[in-house]
Amino acid sequence: ERFIAIVPAAGSGSRMGSERPKQYLDLLGKPVIWHALQTLVAVPRISQVYVVLAPDDAWWPQFDWQLLGGKLTTLHVGGATRAASVSNALACIDAADEDWLLVHDAARACLSGAQVEALIDTLADDAVGGLLAQPVADTLKRADAQGRVCATVPREQLWQAQTPQMFRRGLLRRALAHTDAVTDEAGAVEALGLQPRLVAAEASNFKITWPQDLALAAQILQARED
Ligand code: C5P
């Protein structure tokens with residue numbers, strides 16, 4: 001069995017408010033997506049890294065990817081949702097049903113190799129698979145459309161789902177064929193009645209979403225190089 005990474009990068013990043021999709025914004029002289037790809041190709045157990053691009057993506061060819069080496073393959077099969085992008089990729093990659101897939105957000109630039117290793121070590125013998133996640137730290141409020149609090153949601157037992165999310169190819173294909181109304185792969189697996197395992201992650205593996213997130217990501221990556 002092999003470990004294969006899939007990085008869906010076909011989103012528009014509308015919350016970022018920039019014309020350039022967020023995976024191509026500049027982060028320390030490289031596009032945002034470069035950083036997570038660099039981490040994934042450097043994990044010895046990962047044999048292949050597939051990047052899922054929008055069919056009309058004109059940004060990717062503008063950068064030089066040579067430095068990331070031979071594990072990298074692009075697939076121009078991005079869909080309307082993240083689930084569709086992943087589902088399309090699963091249909092065309094060279095993998096067996098028992099191979100493990102690690103699906104990672106292009107925008108989680110500060111993923112560390114150690115986190116990927118911990119995920120693989122914890123789940124490699126697991127019957128279901130799982131994901132990196134972090135316990136919720138803030139008090140959570142549910143609000144109405146006017147911004148008035150309706151309820152406080154108890155945060156005990158609540159976790160924030162991160163990526164990579166790691167499932168066997170056969171299971172993930174079955175799960176995504178069954179439902180695509182989910183915002184992560186684990187959600188599709190849960191819809192089959194299975195319980196993915198949570199693997200404790202670091203806050204640094206956050207998803208670059210808002211404009212101020214870029215400076216924070218730059219700081220984290222820079223501190224690692226020092
Ligand atoms: O929008 P969100 O931040 O949840 O996107 C998470 C990841 O899924 C990003 O890497 C984004 O590029 C990807 N995505 C995709 N195809 C879509 C929507 C999002 O590959 N249609």
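Student: Okay, which strands does helix α1 lie across?
Tutor: Helix α1, residues 32-41, lies across β1 (3-8), β4 (46-52) and β5, and it runs at about 160° to β4. Contact here takes C-beta atoms, placed from the backbone, within 7 Å. Axes are lines fitted to C-alpha atoms, for helices over the stretch in contact, with angles from 0 to 180 degrees between N-to-C directions. Helices (H or I, at least four residues) and strands (E, at least two) are DSSP runs, numbered from the N terminus.

Student: Before I go on, what kind of model is this, and how is it numbered?
Tutor: It's a predicted model: local features need pLDDT of at least 70, side-chain atom pairs count only at pLDDT 80 or more, and totals for chains, interfaces and linings use all residues. Residues are numbered from 1 along each chain as its sequence is written.

Student: And which strands does α3 lie across?
Tutor: Helix α3 (residues 113-123) lies across β1, β7 (130-135), β10 and β11, at about 145° to β11.

Student: What's the strand order in the sheet?
Tutor: It's an open sheet of 7 strands, β5-β4-β1-β6-β10-β7-β11, with mixed pairing. Two strands pair if DSSP finds at least two bridges between them. β5 (72-75) and β11 (197-200) each have a single partner strand, so one side of each has no neighbour in the sheet. From one strand to the next, the twist averages 30°.

Student: How do β6 and β10 pair, parallel or antiparallel?
Tutor: Antiparallel, over 4 bridges, between residues 100-103 of β6 and 159-168 of β10. L102 stands opposite M166 in β10.

Student: Where's the cis peptide bond?
Tutor: Between T163 and P164, with omega about 10°. P164 is in strand β10.

Student: Switching to α4: which residues are buried there?
Tutor: In α4 (residues 169-178), R169, L171, L172, A175 and L176 are buried. Buried means 20 or more other C-beta atoms within 10 Å of a residue's own, exposed means 12 or fewer, and partly exposed is in between, with C-beta atoms placed from the backbone.

Student: Is Q157 buried or exposed?
Tutor: Exposed, with 7 C-beta neighbours inside 10 Å.

Student: Last one: which residues come nearest the ligand?
Tutor: P8, A10, G11, S85 and A106, of the 16 residues around the ligand. A residue is near if its C-beta atom, placed from the backbone, lies within 6 Å.

Key: Contact = placed C-beta atoms within 7 Å.
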